[in-house]
Structure formats: structure tokens, C-alpha cells
Amino acid sequence: MSRTASKEISGSRRSGINAFESPPAIPAGASSDAWTDMLAEQTILTLWNDASSSEDRAKQLIAILDALERIAPRDELEGMMASQMIAAHSAAMECFRRAMLPTQTMVGRDENLGHANKLLRAFASLVETFNRHRGKNQQKVLVEHVHVHAGGQAVVGMVAHRGAIENEAEGQPHAKQTSDASECPLPGEDQERE
């Protein structure tokens, strides 16, 4: 599909918009129309369109542009991930469709369902990566009240665990002690442990 064809489709897509509204931008992660066209073309080429008419292909491109608009990538990397998510979803759905054909053999059905399963896992991984890139799904721990009583110790800051060893000598097989705890004692009132 040429650049002019995709511009004509995106122009016709926008023709039904209210005259008082400005036409929506179709974000693909960059302000460049060339990037948007290239990404849309790459994505549409991943779709199964064996005997698709030009009208069907135009509908597919409009659907891809709508999906890109709803995903709203903020940069080129997000644009590429959005394109890959659309391609993975479309391929998985095609595998499901082929698996359910009435004339499909059991082997063909199993193969298509296996491919669909792999594609859905790839899709889920892409969504997780996309959300992580956007800063979603970050866990935050907010500690509001800390009480340290006489003789107690507290650590304030980031604590990284490098591994654990079992403390079987004291009869507690499930108790964990960090391997470098004896190297760096915490200051406190009880200095006899050194």
C-alpha cells in the first residue's frame, strides 16, 4: 500500500467527523506522517488477507489506525510495540479461526490452537512490557508509622537481599539469615554481639 493510499484512507476516515472538531491525530509514537504510514503499512501486511478486496483492506487499515489511536503510543518504541500487539492479536485470532473450521483435521486443530496459545503469550508479554515502559504496574510501598522500641533496631532505605542460608544450627530449619549479616552489624545498644 502506498503512502498516498493510506493518506486517502485516513482522510476518508476523518471525513465523518463533526466540522466543529479538529481532526484527531493518529499517534504512532512520532509526529512524522512517514512513521505513521510505515507503521500502519507494516502492521497491515501482517494481517491475513488471502482474498481480500481493496475495500476489505481499507477497512483493515482503518481498524489498525483506530487501534493505534486508542493505544496512543507516546514514542517510537511504544509505536512499534503497539504494532506488534496488533499483529500478535490478529495472528492469534486467525489461528483460532482456522482451528475451528468444520473441515479441519484434529492435527490441524491442535497445531492451530498451539500456535494461538504461543501468540497469546507473546501478546501478554508485549502488553506487560508496554505497561512497564509507560510506568504502569509499579508497586509502591508507603510506610506511614514505624515504631522502634527500646533495644530495637530499624533500617531505613533500600534493602537488597543477596541470598539466604538456612539456620539449622539453632533448630529452626525454615529460618533465614542473610549470608553477610555478620560482616555488617547494625549499631545499637546491644554491642556484645560483635
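A residue counts as buried when its relative accessible area is under 20%, and by that cut-off E94, at 15% relative accessibility, is buried. Keep in mind throughout the tour that this is a predicted model.

Begin by selecting E94 together with R98, which form a salt bridge whose closest N and O atoms are 2.9 Å apart. The two residues lie 4 places apart in helix α4 and are therefore separated by about one helical turn. R98, with a relative accessible area of 28%, is partly exposed.

Next, display the whole of helix α4, residues 76–99, whose 24 residues should span 34 Å at 1.5 Å a residue, in agreement with the 35 Å between its end C-alpha atoms. At the start of this helix, look for D75, where a side-chain oxygen comes to within 3.3 Å of the backbone nitrogen of L77.

Moving along, select E78, which also belongs to α4 and which, at 2% relative accessibility, is buried. Its side chain makes a polar contact of 3.0 Å with the side chain of R134. If neighbours within four places in sequence are set aside, the residues in contact with E78 are A72, P73, F130, H133 and R134.

From that list, centre on A72, in the loop between α3 (54–71) and α4, where the phi angle is near 55 degrees, a positive value in a residue other than glycine. Most residues other than glycine have a negative phi. A72 is partly exposed, at 31% relative accessibility.

Step back into helix α3 and select K59 and E55, a salt-bridged pair with closest N and O atoms 3.7 Å apart; because they are 4 residues apart in this helix, about one helical turn separates them. Then go to helix α5 for R132 and E128, again 4 residues apart and separated by about one helical turn, with a salt bridge in which the closest N and O atoms are 3.1 Å apart. Salt bridges with shared partners also join E94, R97 and R98 into one network, and the structure as a whole contains 5 salt bridges.

Now turn to the loop between α5 (106–134) and β1 (164–167), where V143 is found and, at 57% relative accessibility, is exposed. Selecting V141, V146 and V148 along with V143 shows a nonpolar patch on the surface, with about 410 Å² of accessible area together.

Finish at helix α2, residues 33–45, which reaches 18 Å from its first C-alpha to its last, close to the 18 Å expected for its 13 residues.

Notes
Residues numbered from 1 in each chain as written. Predicted model: local features only at pLDDT ≥ 70, side-chain atom pairs only at ≥ 80, totals over all residues. Heavy atoms only, no water. Expected span 1.5 Å × (residues − 1). Polar contact = N/O pair within 3.5 Å; in protein donor to acceptor, adjacent residues only side chain to side chain. Buried < 20%, exposed > 50% of the residue type's maximum accessible area, 1.4 Å probe, protein only. Contact = heavy atoms within 4.5 Å. Patch = residues over 30% accessible without salt bridge, like charges linked within 9 Å, V, L, I, M, F, W, Y side chains within 5 Å. Areas by Shrake-Rupley, 256 points an atom, 1.4 Å probe, with all protein chains shown as cover. Salt bridge = Lys/Arg side-chain N within 4 Å of Asp/Glu carboxyl O.
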